[in-house]
Amino acid sequence: MVDPYAPPKSEVEGTVEVAPDLKRRPLWLVVLLAVVTLGYYPFVWLYVTSRAINAFFPGRRVISPLWAALAVVVVVADLVLFFAMFVIPISQDLDELERLVTLTFGIIGLLWAFRVREGVAAIVSRTGIGPYPLSGLATFFLTIYYLQYKINRLPEKPLHDDLRDSDPG
């Protein structure tokens, strides 16, 4: 017997996700991972999302390898200093160094988030899905959480053959 109220079994033909490489992740999971990893997950998120944007525009880089290497160095230095503070008695110099590294950590993450925002905006522009505002203020205060929210809300687009052809800029 056929259930007349059952949902259709096939997908709607003729539509495609705007950027299938940009993963839709539950926002609560992103927040939870950031808390569990003591704030280091946002760098993983930025790296993975940057790779997805780079896949959409093969000739373009969200962040240069030099910046990525600097981010890794700062993250490792921050981790080392964080754990060193439990082993080594806190001195004025160590405390100031830890503050400097943490500030650098935050600045690099913020700059990287704005680069990802530009990449998402370029994808939206290239696919022509219409007005899709990305707030700079929300990116500044909420960083990856706001960007993940906006990625989750990207609409589907009618299917075109050449969405990934070239860089919009």
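Here are some worked exercises on the predicted model shown above.

Before you start, note that this is a predicted model in which local features need pLDDT of at least 70, side-chain atom pairs count only at pLDDT 80 or more, and totals for chains, interfaces and linings use all residues. Residues are numbered from 1 along each chain as its sequence is written, and side-chain values use heavy atoms, with hydrogens and water left out.

**Exercise 1: The overall layout**

Find which helices and strands the protein chain has, and in what pattern they follow each other.

Solution. Step one is the rule: helices (H or I, at least four residues) and strands (E, at least two) are DSSP runs, numbered from the N terminus. Step two is the tally, which gives five helices and two strands. Step three is to read along the sequence, where the pattern is β-α-α-α-α-α-β.

Now turn to contacts, meaning heavy atoms within 4.5 Å. Among the contacts in the protein chain with a separation of 6 or more, 76% join residues 24 or more positions apart.

Finish with the surface. The protein chain exposes about 10800 Å², and carbon and sulfur atoms supply 66% of that area. Accessible areas come from the Shrake-Rupley method with a 1.4 Å probe; for residues, only the protein chains shown count as cover. Buried means under 20% relative accessible area, exposed over 50%, and partly exposed in between (1.4 Å probe, protein chains only). Of the 169 residues, 33% count as buried.

**Exercise 2: Helix H4 and its partners**

Work out how H4 is oriented to H2 and to H5.

Solution. Begin with the tools. Axes are lines fitted to C-alpha atoms, for helices over the stretch in contact, and angles run from 0 to 180 degrees between N-to-C directions. Angles under 35 degrees count as roughly parallel, over 145 as roughly antiparallel, 65 to 115 as roughly perpendicular and the rest as oblique. A crossing is left-handed if the near helix is turned anticlockwise from the far one by less than a right angle, and right-handed if clockwise.

First take H2 (residues 41-56) and H4 (residues 92-127): their axes come within 10 Å and cross at roughly 30°. That makes H2 roughly parallel to H4. The crossing of H2 with H4 is left-handed. Residues making this contact include Trp45, Thr49 and Ile53 of H2, with Trp112, Val116 and Val120 among those of H4. To sort them, count Ala, Val, Leu, Ile, Met, Phe, Trp, Tyr, Cys and Pro as nonpolar, Asp, Glu, Lys and Arg as charged, and the others, Gly among them, as polar. The contact of H2 with H4 then has 13 nonpolar, five polar and one charged.

Next take H4 and H5, whose axes come within 9 Å and cross at roughly 50°. H4 and H5 are therefore oblique to each other. H4 passes H5 in a left-handed crossing. Leu110, Phe114 and Arg117 are among the H4 residues in this contact, and Thr139, Phe140 and Leu147 are among those of H5. The residues here divide into eight nonpolar, three polar and one charged.

**Exercise 3: Helices H1 and H5**

Decide how H1 and H5 are oriented to each other.

Solution. The two helices pack at an angle of about 155°, with their axes 10 Å apart. H1 and H5 are therefore roughly antiparallel to each other. Their crossing is right-handed. Leu27, Val30, Val31 and Ala34 in H1 meet Ile144, Tyr145, Gln148, Tyr149 and Asn152 in H5. This contact of H1 with H5 holds seven nonpolar, two polar and no charged residues.

**Exercise 4: Single residues**

Is tyrosine 40 buried or exposed, and which residues does tyrosine 40 contact?

Solution. Tyrosine 40 lies in the loop between H1 (27-36) and H2. Its relative accessible area is 14%, so tyrosine 40 is buried. Leaving aside neighbours within four places in sequence, its contacts are Ala34, Val75, Asp78, Leu79 and Phe105. The C-alpha atoms of tyrosine 40 and leucine 79 are separated by 9.2 Å, although the two are 39 residues apart along the chain.

Is leucine 38 buried or exposed, and what is its phi?

Solution. Leucine 38 is in the loop between H1 and H2. With a relative accessible area of 58%, leucine 38 is exposed. Its phi is near 60°, a positive value in a residue other than glycine. Most residues other than glycine have a negative phi.
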